[in-house]
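Q: Could you walk me through a couple of spots in this one?

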Amino acid sequence: MKGNFKYVCRYFSRSSIDVTPEVKNALNNKKPVIALESALITHGLPYPKNVETALEMEHIIKSHNIIPATIGIINGRVKAGMCHEQINVLGLPAEKKTVKVSRRDFPYVLSQGLNGGTTVSGTLVIANALGIKFFVTGGIGGVHIDGQNSLDISADLIELSRCAIIVVSAGIKSILDIGRTLEYLETVGVCVASYDSNGEFPAFYTKQSGYQSVCNVTSPSEAAGLLEQCQNTGSGVLLAVPILEERIKKTDIDKAIKNARQICEKQGIMGKNITPFVLSEVSRLTKGLSMDTNISLLKNNSLVGSKIAMEYYSKLSSTPISVFEVKKSIKKSIKSPVVIGGSNIDYVLQVDEDLKLDGRMLAGQMKRVSGGVGRNIADALGRFGHDVCFLTAVGDDSDGRSIIESLEHINTDKIAVVGDQSTSWCVVFQNRQGDCMACIGDMECHKRITIDMIKKNIDSLYQSPLVVMDGNVCPETMEFIIGFCNEENIPVYFETTDIAVASRPFYSDMWKGFSFMSPNLKELQEISKQLTAEVPVNYTIKVSINGGDEFDTRDRIMNSSKDIVCKLISHIPVIMVTLGDKGLLLASRQSEDTVSLVHYPSQKIEKLVSVSGAGDCLCAGYISGVLQGKSQDECVAMGLRAATSALMSHRPVPIELNVNKCIK
């Protein structure tokens, strides 16, 4: 899954949330989603009124072309968006223990595999993690009567201060100390507004509480403006909507609440059990009027919340688009991969005579070019027409500026420029044939590709059809990227980069999250040293030969690579083993017990200039074909043509490289 989620990397374990396709799709495409709590189903209303009301609220929201996301927990799994059957499971008299889940209760309920109804605070945690901006409920919790002594204060209040979400409610539950709750909300920085009530703060069952709101808004447009501006403060908005029709007098409801609290004290009911008990008792004492009022205000809040959400998203869609954004959206028709990896300045030293390291002066040439595996792949994908998001780190120096200037055809806004670190550099020694003999470099700047850097740009990953990562990324950041992408069903392409770093992901099981990888033979052998001795599947190997003359060499390579490839392919569906001038071997898993091994010979070239960047262009061409939905043969052909172009250029990525030259 990709899209606008900002979720679980901040507050919540992604592996514990199930998000429905409808909710995912809406968030991906920046469409309105309204969160709904489930504590009203499990603890707020009796069956079947609880289920009926929850479904009616969803129906009201859907009628405005908005996706409802009822949030709850079933068998230890958080559900963001629930079907009728799941809502019914929570609503039925519990055969299995059903817990009222505030923020503090998640660890226990999830670890025990229990069912749970999320309170306002519990729902806010999940909604905020998912990037949902609207939450409709009945009334929020607050400071309990005598809370100044008992310190019984609902977690709803502190969670509101942490989440830039608008909570559309009927105010604070009448059974609480409304005055102290408003004071507490002011202290923690929550904007409190009443909706079309002349500033009078409502008291859930009644329109008046005796307290004033700090501000009053009179339309969905004004309410949407509050949400828009609260994004700057990081705290939420409590929008209090008065009940449309008062069915109970304030004196009667106050009396019923007082009697219910007295019963609580006599029976020793404490903590989070007080609220559901008092509400149930008040319903009994008012002969069901309080419950009817509760249901009525829940539906009205759903209506008001839907109107505000529509207004908010209509403003977003009407925001003028710059010329740059128009160009960007046109490019996105070719899809927008994310590339995460190294950038460095390469000093390529080519010796024009036999390389003898005995102190003598050797004739040669030197070129200074922008390089690095990640940079090269991003550069090449950009020349193929993809709107690349490139995440890398460079120093605030002339080398860093050179790298950024070399990528003027892609968006470089997300490149981290660090002031206390020099840009990475590499000296490449080539023989007269252009083959790399050795490299010396300083790659310290690549350590600045951190988890925090990825989190800051997490939206780009959500929107990506494929994430490409090179071996320069440190293991901790690799693990975060792989975990994130796996949980979002985003394929990860791992470019092994160099024999020194190729085995980084293989010191743990993180490598099992790759969808593609492209080692050369030496890197493949290095990787094999790190793999455990687990027995691979007994695959049926289907071998295919696409031309080429060196049968003995090719067969030897296939036989020597077969066992390690089969170990890897149990988890990595596509493995491209690059063979230099012998072409490449592409292994792909065809079924649970069948592997295809296809050899593709390299293309003939007239004059080799430099091998620097050829492998990166090969990867970029192949990836471009994958993103365009081409066949395996077409993808490989694009990669081989791109590599051939690089071999005949002094630049790692030829300026003239483009999709038209690599597709016949």
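Predicted model: local features only at pLDDT ≥ 70, side-chain atom pairs only at ≥ 80, totals over all residues.

Q: Is strand 24 buried or exposed?
A: Five of the five residues of strand 24 (residues 574-578) are buried, so the strand is largely enclosed by the rest of the structure. Buried means under 20% relative accessible area with a 1.4 Å probe, protein chains only, and strands are DSSP runs of E, at least two residues, numbered from the N terminus.

Q: Which residues point which way?
A: Val574, Met576 and Thr578 point one way, while Ile575 and Val577 point the other way.

Q: Which strand does strand 24 pair with in the antiparallel sense?
A: That is strand 25 (residues 584-591), joined over five bridges, with isoleucine 575 opposite alanine 587; strands pair if DSSP finds at least two bridges between them. In this hairpin, five residues lie between the strands, and glycine 580 takes a positive phi near 65°.

Q: And what runs parallel to strand 24?
A: Strand 22 (residues 516-517) does, through two bridges, and phenylalanine 516 has valine 574 as its bridge partner.

Q: Switching topic, what lines the largest cavity?
A: Leu36, Glu37, Leu40, Ile41, Ala54, Met57 and Thr70 line it, lining residues being those with an atom within 4 Å of a cavity point.

Key. Residues numbered from 1 in each chain as written. Heavy atoms only, no water. Buried < 20%, exposed > 50% of the residue type's maximum accessible area, 1.4 Å probe, protein only. Helix = DSSP H or I, 4+ residues; strand = E, 2+ residues; numbered from the N terminus. 1 Å grid on protein atoms, 1.4 Å probe; cavity = no way out; pocket = protein on both sides within 12 Å on 5 of 7 lines; lining within 4 Å.
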